[in-house]
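Please look over the sequence and the 3D structure shown here, and then read the briefing that follows.

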Amino acid sequence: MSNIEQTLSIIKPDAVERNLTDEIKSVFIKNDLKIKNNKKIHITKDEAAEFYKVHQSKPFYDDLCTYLSSGPIVVMILEGENAILSNRKLMGATDPKKAEENTIRKKFGLSIDKNSVHGSDSKDNAKKEIAFFFKD
Ligand code: CMP
């Protein structure tokens, strides 16, 4: 049975800065994820703190929020068959050192913080994260 989903993808400051946006987008397109909506923005630290609220008790929370607000990012809605899991497989493990060969984080990630991309991890979070950036 078909299961068309939407998920939120973010190309993080380290990847935008290195002009990797088009190359990362082409990975999604080649793997049957359509880019339904897409914008380049620069968020404040407060907005990053709101976005990453689920991590507020983690020791890395403050650095994470500083980092996501440190430069332009590209936020996208990806749509396709099992889009949430499909995007997570294309990204690879959170830590680029542990990511599988040919994944986005393995190829482009610099560190666990500068890991080039973010993707929603569940249906619930995908809904919340899409609403956070695309309010219309
Ligand atoms: P992301 O998928 O955007 O979700 C939260 C981010 O926190 C994660 O990617 C990492 O970039 C960052 N992070 C920093 N340190 C850690 C850690 N020890 N475990 C998990 N995520 C971390």
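Which polar side-chain atom lies 2.5 Å from an oxygen atom of the ligand? A polar side-chain atom of Tyr-52 lies at that distance of 2.5 Å from a ligand oxygen, which falls under the polar contact cut-off (a pair of N or O atoms within 3.5 Å). This is a predicted model, in which local features need pLDDT of at least 70 and side-chain atom pairs count only at pLDDT 80 or more, while totals for chains, interfaces and linings use all residues. Residues are numbered from 1 along each chain as its sequence is written, and side-chain values use heavy atoms, with hydrogens and water left out.

**Around the ligand**
- The residues around the ligand (those with a heavy atom within 4 Å of it) include Lys-12, Tyr-52, Arg-105, Ile-112 and His-118.
- Lys-12 places a side-chain N or O atom 2.7 Å from a ligand oxygen, and Ile-112 has a backbone N or O atom 2.6 Å from an oxygen atom of the ligand.
- Taken alone, the ligand exposes 450 Å², of which the protein buries 77%, with accessible areas coming from the Shrake-Rupley method with a 1.4 Å probe.

**The whole chain**
- The chain has seven helices and four strands, these being DSSP runs (H or I, at least four residues, for helices; E, at least two, for strands).
- From the N terminus on, the elements run β-α-α-β-α-α-β-α-α-β-α.
- The C-alpha atoms of the chain fill a box of roughly 40 × 35 × 25 Å, taken along the principal axes.

Terms used: Polar contact = N/O pair within 3.5 Å; in protein donor to acceptor, adjacent residues only side chain to side chain.
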